[in-house]
Amino acid sequence: MKQSAATTTSSSTAAGVTSKTHLAFFQGHVLSLARKCDAASADGHRTAAEISIQKSRVVELWSLFPAFFCVYPLDMKENFGMVAKTVVKALGDHERYPKLIPIICGGLKNLAIGVMERAASKSSPNATEDYDVLSNVSTKILPSLFKLVETLNQSPSKKSEGDDEAMMEVDSVSSSKKKKKAAETKSQQNHMQLVEAVTDAIGQLAQICPREFLQNLFKKVVQRLLVATTEISEDSSDDKDAKNATAMRMSSLLGLGQALVASGSLDDASLSLLYRAVRPLVRSDEHDPRVQKRAYKVLAEICDKHKEFVTSSERLTEMTELMVDSIVTCQVSARHMRLKCMTHIVKGFDSENQVHMEVIPKIMGEVLLCLKDSNA
């Protein structure tokens with residue numbers, strides 16, 4: 001499959017060769033082939049092997065999107081809006097094509113990085129225009145990505161085709177609990193990789209979308225997190241499935257919060273709001289270990305990306321007290337992220353401040369013990 005000289009050009013740069021392409025070619029030719037393959041996979045007269053081949057071709061055609069069509073598209077203004085609609089629709093079909101999630105999200109991430117770099121360096125006459133186009137269209141893509149994260153975390157038991165094959169293979173070889181556990185672990189790892197791909201794309205697009213829109217999305221995330229925290233705190237029943245569903249929802253919301261923190265797009269007021277929402281989850285060991293681990297990840301991201309927020313005299317004392325007081329409630333799985341938080345906090349200490357220096361002996365024992373812990 002070739003593009004004409006009018007469709008594709010290439011330019012050598014100091015960093016290498018950058019492919020300049022047209023999104024119109026991807027929309028009109030590549031996706032046209034993908035649709036035909038998808039339609040062929042739905043043909044009831046085909047064998048299971050033929051259906052699998054057609055679905056693989058769909059994924060292979062989409063794999064051109066991140067590496068070839070998102071590096072330097074020349075027709076962002078004219079065609080990205082249409083491509084974005086197709087992208088959102090394809091992500092909605094994640095149950096049939098879970099492999100498209102990292103491919104599409106990788107493309108969106110590459111696109112955002114490239115557009116921001118060109119806008120900053122002003123290396124293209126259309127750089128500012130492309131930035132504005134992506135910023136406007138991101139208001140339609142981001143809500144879909146947010147919803148996808150919640151959907152993935154609310155239904156982790158749904159496996160992709162590869163996961164089903166792994167389970168069938170395990171069952172045919174042995175019914176031992178150990179091998180079944182291994183297959184379930186692999187399925188969970190695949191699921192977490194999908195969630196991570198989506199949150200990475202969110203983090204990049206958050207840097208380019210309108211600030212007011214981002215703040216509204218962020219407030220909704222925090223509100224839902226507070227509601228979920230209240231629900232699980234007030235739930236005195238023994239319904240494990242309900243509690244697990246709530247824990248997964250909280251984890252997904254914390255993951256979204258972490259992605260927005262990593263984007264560096266939140267102001268101090270938003271960071272303070274998120275910090276107040278996360279603090280009780282760090283202090284308590286009554287929640288699912290996954291929730292506390294994710295809460296520590298958010299806290300570590302705040303410490304890493306917003307050092308001035310953490311190292312202010314008032315906040316540093318508060319964070320230090322939080323770390324010291326929560327030592328007895330820290331789950332084993334959260335120790336690694338806890339140590340990251342402590343590292344950033346200690347870096348903010350003033351060696352001439354007696355109060356700061358008095359904290360070090362309090363945490364030194366924990367740090368030494370964690371040297372033997374594989375989770376730390």
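# Notebook: a predicted model, helix by helix

I began with leucine 274, which is found in helix α11. The model is a predicted one, and I kept that in mind for every entry below.

**Entry 1: leucine 274**

Is leucine 274 buried or exposed? I looked up its relative accessibility and found 3%. Leucine 274 therefore counts as buried, since the cut-off for buried is under 20%.

I then listed what leucine 274 touches, leaving out residues up to four places away in sequence. The list reads Phe218, Val222, Gly257, Val261, Val298 and Ile302. I also checked leucine 274 against leucine 299, which is 25 residues away along the chain. The C-alpha atoms of these two leucines are separated by 9.1 Å.

**Entry 2: α11 against α12**

Two packed helices are described by the angle between their axes and the distance between the axes. I looked up both values for helix α11 (residues 268-283) and helix α12 (residues 289-305). The angle is about 145°, and the axes are 9 Å apart. The crossing of α11 past α12 is left-handed.

Which residues of α11 meet α12? I noted Leu271, Leu274, Tyr275, Val278, Leu281 and Val282. On the α12 side I noted Val291, Gln292, Ala295, Tyr296, Val298, Leu299 and Ile302. Sorted by class, this contact of α11 with α12 has twelve nonpolar residues, one polar residue and no charged residues.

**Entry 3: the whole protein**

I stepped back to count elements and found 16 helices and two strands. The protein has 376 residues, and 45% of them count as buried. I also looked at contacts between residues at least 6 apart in sequence. Of those contacts, 75% join residues at least 24 apart.

Next I looked up the largest nonpolar core, which has 101 residues. The residues with the most contacts inside this core are Trp62, Phe80, Leu145 and Ile202. I followed up tryptophan 62, again not counting residues up to four places away in sequence. Tryptophan 62 touches Phe26, Leu31, Ala34, Thr86, Val87, Ala90, Leu100, Ile103 and Ile104.

**Entry 4: glutamine 54**

Where is glutamine 54 found? I located glutamine 54 in helix α2 (residues 48-62). Its relative accessibility is 9%, so glutamine 54 counts as buried. Apart from residues up to four places away in sequence, glutamine 54 touches Cys37, Ala40, Ser41 and Arg46.

**Entry 5: cysteines**

A disulfide is a covalent bond between the sulfur atoms of two cysteines. How many disulfides does a search of the whole structure find? I noted zero. Cysteine 341 is in no disulfide, and the nearest cysteine sulfur, that of cysteine 303, is 4.7 Å away. That distance does not qualify because a disulfide needs the sulfur atoms within 2.5 Å.

I looked up burial for two cysteines. Cysteine 341 is buried, with a relative accessible area of 0%. Cysteine 330 also counts as buried, at 14% relative accessibility.

**Entry 6: lysine 122**

I found lysine 122 in the loop between α5 (100-121) and α6 (127-154). Its phi is near 55°, a positive value in a residue other than glycine. The relative accessible area of lysine 122 is 70%, so this lysine is exposed.

I looked up glutamate 196, which lies in helix α8 (residues 177-206). Glutamate 196 is partly exposed, with a relative accessible area of 48%. Glutamate 196 and leucine 256 are 60 residues apart in sequence, and their C-alpha atoms are 9.9 Å apart in space.

Lysine 347 lies in helix α15 (residues 335-347). I noted a relative accessible area of 62% for lysine 347, so lysine 347 is exposed. From lysine 347 to lysine 307 I counted 40 residues in sequence and 9.5 Å in space, C-alpha to C-alpha.

Last, I turned to valine 367 in helix α16 (residues 354-370). Valine 367 is partly exposed, at a relative accessible area of 29%. Which residues does valine 367 touch, not counting residues up to four places away in sequence? I noted Leu339 and Met342. Leucine 339 is 28 residues from valine 367 along the chain, and their C-alpha atoms are separated by 7.4 Å.

Key
Residues are numbered from 1 along each chain as its sequence is written. This is a predicted model: local features need pLDDT of at least 70, side-chain atom pairs count only at pLDDT 80 or more; totals for chains, interfaces and linings use all residues. Side-chain values use heavy atoms; hydrogens and water are left out. Helices (H or I, at least four residues) and strands (E, at least two) are DSSP runs, numbered from the N terminus. Buried means under 20% relative accessible area, exposed over 50%, partly exposed in between (1.4 Å probe, protein chains only). Axes are lines fitted to C-alpha atoms, for helices over the stretch in contact, and angles run from 0 to 180 degrees between N-to-C directions. A crossing is left-handed if the near helix is turned anticlockwise from the far one by less than a right angle, and right-handed if clockwise. Contact means heavy atoms within 4.5 Å. Ala, Val, Leu, Ile, Met, Phe, Trp, Tyr, Cys and Pro count as nonpolar, Asp, Glu, Lys and Arg as charged, and the others, Gly among them, as polar. A nonpolar core is a set of buried Ala, Val, Leu, Ile, Met, Phe, Trp, Tyr and Cys residues joined through side-chain atoms within 4.5 Å.
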